[in-house]
Amino acid sequence: MKRYNILFAFSLCLCLLLGCTTANAAFSDVEPGSWYESAVTQMAEKQLLTGYADGSFRPNQTISAAEFVAITARTAGTTPGQGQSGHWAAGYLQRALEAGWYDWDELPPTGEGYDQPIPRQLAVKILMKALLPSVRGDYNSESAKISDFSQLNGRYYEAVLAAYACGVVQGDASGAFRPTSGLSRAEACILIQRAEKLAGEGGNPGTPEQPSQPDPKPPEPVTSIRGGVSENGWLQVKGAQLCNQAGQPVALRGMSSHGLHWFGQFTNAQSIQNTARAGANVFRIAMYTGEGGYLSQPEQVKRQLIAAADAAIAQDMYVILDWHILSDGDPSAHTQEAVAFFTELAQRYKDSPAVLYEICNEPNGGISWSGNVKPYAQQVVNAIRAQSPQGVILIGSPTWSQDIHQAAADPVVGENLMYTLHFYAGTHGQDLRDRIDAVRAQGFAVFVSEWGTSRADGNGGVFLTESAQWLDFLDQRGISWCNWSLCDKNETSAALRPGTNPNAQWGPESLTESGQFVFSRFGK
C-alpha cells in the first residue's frame, strides 16, 4: 500500500508539472455524452485539472483531499504557498488552511490525511468557503431537503445548507447527502464547476436577487464589573448578559483546570490562590467523566472536586463545576449519573452564590442538539433547579460546544441559563465570533468556558495575536471566559512550565508563554 501511494503521488505530480494530457485532449475513459463529460473537458481545457500518464481520467475513482483542495484552489485562482510537508499538494493545502477554508484538525498540515478520501461534508465546506463564502441557506427549508440530515456533523451545517440553497449540491435520487462518504473524481468536477459558475455570476441566479445587507453593526461596548463573590453576590442572566446581584454587567475571567484526576495537584488551595492573586475571579474544575475519571472512580473524584470548589470559594472566587464529557460524546448516555451528581452538588451549594454548573462540556460524535443534548440538558437543569433555584447553569452544544446557534433556535426552558462556546485561537476565528454575535442578538447569553492560545489539539503556536483578537472581542461584549489550562503538561496551551511546584507562589518564571499572556489579561 505504501508503494502504491508513492507511485500514485509521483505520477500525479508529474502530470501536474508536465501536463500529461494536452489542453484539448479527450481522456480515454471519459465516455462521450456521459453526465460528467462536459464538466471534466471544460475544466481540463482551463488547466484546472489533468489526467494520468496513461491518458485516463478515472472518473469513478474516489478523489483525495489533496486532489480536491488543489483543484478548488486553482479554480479560485489561489497559488500554492510553502507547505509543511513534502507532499505534492502541500502548498495548495497550506494556502487553503491559511485562508480558513478548513480547520487544522480537519486536515493537519503534517499531511497524513492528504491522500485519504475527502468526506463530502468537508469537501462542501472547502468549496463554499473558497468560491461562495457569502451564500447562506435557511436551516428549516434546506435541512428538509436532506433525507439523512441527522448524519451531518453540526460543524458543517452552514456550508452544506448554503450549498443546497444555491444549487451546488442537490443530493441523490433518495434525497440523501451521505455526508461522511467520499466523492468520485467526476462528482467533484460537477460540484466545483457549479460553484465556479455561480461565483462568476455573483451568487445564485436561480433565486430572486436580494438587496445586499450591510455588515452587522458591532454591539455597543459593555462596561462590566470584575470583582469576586463578596462584591457581586448572586449572578443572574438578563437577556444576553451575565449580571451581578444588582443587575450590573459582570465579567468573569479565570482558568480551567486540566483533568481533575490527572492534574489535581493544580487544584489545591495554593494554586487557586495564585490565580486569584493574578486577578482571576473564577475557577473552572474540569471533572472528566470518561477517560478514567468520575464514572470510573466517582467518590474519589467527587472529593477532589469539592475540595477544589471550597478552595476557590475561600478566595472569593466564583467556581464552575464542569461535567467534562469528551470521549463519552453523547451526554444523554449518562443522564442518570449526571442527574444524581448535580442533585447532590446543587443541594450542597444551594446557599452559595459562588457556584455555577456546567452540565456538558463538549458534546461530539455526530449527536444532535434536539435529539441528544437538549433532552439531556432539560432533565439536568430541572434537577439542579429543584435544589438551587438561582445558580447559573452553563449548557454545551454539539461540535465541541460550537453549535450555539442550534441551541438558540430551540432553547432549553429555564432561567439563568447560558450557552457555552469553546474556541482555540490557532484553529477558530471570525466564523465563531460572528456566531456569538448572532446568538446574542437573539437574546441568548454566551459563556466561553474553555479557550486556548493553541490549536484545537492543545499544541501549536502560541497564537498570541489571534488570542488577543479573541479576548478583545470578548471584553468589548462583557463575555466571561476561562482559559485551558492550569497545568504543567508539555503542550503549548498549558499555563505552567513543566515541573512547576503547586505548593509555592508563582512568578513569571513559573508561567509558560501562554500562561504569562493569559494571566496578564485577568484584570484588563
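In which loop does G414 lie? In this structure, G414 is found in the loop between α15 (404-409) and β8 (417-424), where helices (H or I, at least four residues) and strands (E, at least two) are DSSP runs numbered from the N terminus. The model is predicted, so that local features need pLDDT of at least 70 and side-chain atom pairs count only at pLDDT 80 or more, while totals for chains, interfaces and linings use all residues. Residues are numbered from 1 along each chain as its sequence is written, and side-chain values use heavy atoms, with hydrogens and water left out.

G414 has a relative accessibility of 41% and counts as partly exposed; buried denotes under 20% relative accessible area, exposed over 50%, and partly exposed in between (1.4 Å probe, protein chains only).

The structure contains 24 salt bridges, each defined as a side-chain nitrogen of Lys or Arg within 4 Å of a carboxyl oxygen of Asp or Glu. One of them joins D410 to K374, with the closest N and O atoms 2.6 Å apart. This pair links distant parts of the chain, since D410 lies in the loop between α15 and β8 and K374 in helix α13 (residues 369-385), 36 residues apart. D410 is partly exposed at 28% relative accessibility, whereas K374 is buried at 19%.

A salt bridge also forms between the side chains of R284 and D322 (3.1 Å, N to O). R284 belongs to strand β4 (residues 282-288) and D322 to strand β5 (residues 318-324), so the pair ties together parts that are 38 residues apart in sequence. Both R284 and D322 are buried.
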